[in-house]
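Here is a friendly walk through one structure.

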Amino acid sequence: MFSFLKTTSQTSTRPLGKVMALMNQKGGVGKTTMAFNLAHAFAHEGKKVLCLDMDPQANFTSLFDVETSDYHIYHLLINSVKELKALHTSALPSDVIIKTKQEEGVHIDLLPAGQELSGFELTVAGINGPRQLILKKFIEKYELRSQYDVIVIDGPPTLGLLVVNILCATDGVLYPFVPDRFSEQGLKNIQQVVEDIAEMEITSVPKNLGYIPNLFDIRRKQASSDLAHIKETLGEATVYEAFTNKVQFGKSLALRKSVFQFKSAEYKDLQRQFVDMSQNVTKELQS
Ligand SMILES: Nc1ncnc2c1ncn2[C@@H]1O[C@H](COP(=O)(O)OP(=O)(O)OP(=O)(O)O)[C@@H](O)[C@H]1O
Ligand SMILES: [Mg+2]
């Protein structure tokens with residue numbers, strides 16, 4: 001039986017869990033790779049983790065070696081909107097959330113995504129209620145924060161209503177980016193959406209948990225100065241140690257494994273980077 005069906009009294013000693021997301025409008029910057037490995041870092045610290053896939057590409061979902069049902073996050077979100085009663089299905093969180101296979105003592109559940117999620121914006125276009133808060137209200141309705149220590153959301157490479165829903169539902173956001181001359185605009189665009197949400201005054205604004213330079217090309221002459229320049233434009237927020245192009249990511253992800261599931265020395269540096277990141281994120285989310 002799924003643990004979120006327990007009564008709240010059974011879980012009342014657990015402090016409410018935090019919701020965080022990996023976001024960047026730009027594709028291929030490492031959102032899913034970082035979300036997957038960071039989720040494992042949290043779980044290896046003993047945290048109970050829910051991985052929530054909010055990208056219709058469902059890459060996060062496919063990194064877990066699990067069988068999904070016909071229903072996924074899209075169906076749960078639509079079911080949570082009363083005005084869309086005509087589209088409701090029999091999907092319940094207990095049917096859709098999957099316990100993933102992990103080592104003893106490591107707990108990661110998955111709330112999968114699927115292709116239908118790309119129709120979310122259109123489906124909710126006509127409703128009168130606040131379309132931006134559907135995910136936030138869904139998390140509240142099913143008390144997911146009381147069931148998990150941390151919910152890690154993988155965001156899509158877009159800037160539409162899905163992204164606004166994620167930003168409104170999260171306590172904090174990490175921004176992976178590839179430090180090249182195109183990255184600045186992408187990061188500015190998503191910050192603009194955060195500012196728009198602040199102006200709407202409909203919910204609290206997610207904290208900036210920091211930037212993750214990824215696929216940093218140390219062989220390129222200009223790489224260090226480009227990164228230094230970008231850092232200057234990022235203000236006070238944390239900028240994590242850069243990830244270079246690592247074959248270990250390709251190897252591990254092809255096996256649907258995190259870097260923590262390998263014992264060999266070539267994974268040690270990556271493990272350390274994710275442990276450092278998870279510890280910093282935990283601190284930031286608590287402050
Ligand atoms: N540091 C790295 N070294 C080597 N390969 C990497 C690294 N970071 C990411 N990759 C690879 O790059 C590809 C894109 O990464 P990923 O899917 O995480 O990006 P994304 O931002 O989630 O993309 P999308 O926007 O399409 O969802 C993947 O094949 C991933 O394995
Ligand atoms: Mg992705």
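## Before you start

This is a predicted model, in which local features need pLDDT of at least 70 and side-chain atom pairs count only at pLDDT 80 or more, while totals for chains, interfaces and linings use all residues. Residues are numbered from 1 along each chain as its sequence is written, and chains are lettered from A and ligands numbered from 1 in the order in which they are written.

Element names follow DSSP runs, numbered from the N terminus: helices are H or I runs of at least four residues, and strands are E runs of at least two.

## Two helix pairs

Start with helix α2 (residues 31-44) and helix α13 (residues 268-286), which pack at an angle of about 70° with their axes 9 Å apart. Axes here are lines fitted to C-alpha atoms, for helices over the stretch in contact, and angles run from 0 to 180 degrees between N-to-C directions. On the α2 side the contact uses Asn37, Leu38, Ala41 and Phe42, and on the α13 side Phe274, Val275, Met277 and Ser278. Two residues are in contact if their C-beta atoms, placed from the backbone, lie within 7 Å. By class, the contact of α2 with α13 has six nonpolar, two polar and no charged residues. In this scheme Ala, Val, Leu, Ile, Met, Phe, Trp, Tyr, Cys and Pro are nonpolar, Asp, Glu, Lys and Arg are charged, and the others, Gly among them, are polar.

Next, look at helix α7 (residues 134-141) and helix α9 (residues 161-169), whose axes come within 7 Å and cross at roughly 45°. α7 and α9 are therefore oblique to each other. Here Ile134, Leu135, Lys136 and Ile139 of α7 meet Asn165, Ile166, Cys168 and Ala169 of α9. The residues of this contact of α7 with α9 divide into six nonpolar, one polar and one charged.

## The nonpolar core

The largest nonpolar core has 71 residues, of which Met20, Ala39, Val49, Val152 and Ile166 touch the most other members. Such a core is a set of buried Ala, Val, Leu, Ile, Met, Phe, Trp, Tyr and Cys residues joined through C-beta atoms within 7 Å. A residue is buried if 20 or more other C-beta atoms lie within 10 Å of its own, exposed if 12 or fewer, and partly exposed in between, with C-beta atoms placed from the backbone. Helix α2 gives the most to this core, with eight residues.

## Around ligand 1

Which residues come nearest to ligand 1? Of the 19 residues around ligand 1, they are Gly27, Lys31, Thr32, Thr33 and Pro157. A residue is near a molecule if its C-beta atom, placed from the backbone, lies within 6 Å of it. The elements giving two or more residues to this shell are α2 and α12 (247-254). By class, the shell has six nonpolar, 10 polar and three charged residues.

## Single residues to look up

His75 sits in helix α4 (residues 73-79) and is buried, with 22 other C-beta atoms within 10 Å. Leaving out residues up to four places away in sequence, His75 touches Thr89 and Ala91. Thr100 lies in the loop between β3 (98-99) and β4 (107-111) and is partly exposed, with 18 other C-beta atoms within 10 Å. Not counting residues up to four places away in sequence, Thr100 is in contact with Phe64, Val66, Ile108, Asp109 and Leu110. Gln286, in helix α13, is exposed, with 9 other C-beta atoms within 10 Å.

Most residues other than glycine have a negative phi. Leu215 has a positive phi of about 55° although it is not a glycine, and Leu215 lies in the loop between β7 (207-213) and α11 (223-233). Arg256 also has a positive phi of about 55°; Arg256 is placed in the loop between α12 and α13.

Definitions and conventions: Parallel < 35°, antiparallel > 145°, perpendicular 65-115°, else oblique.
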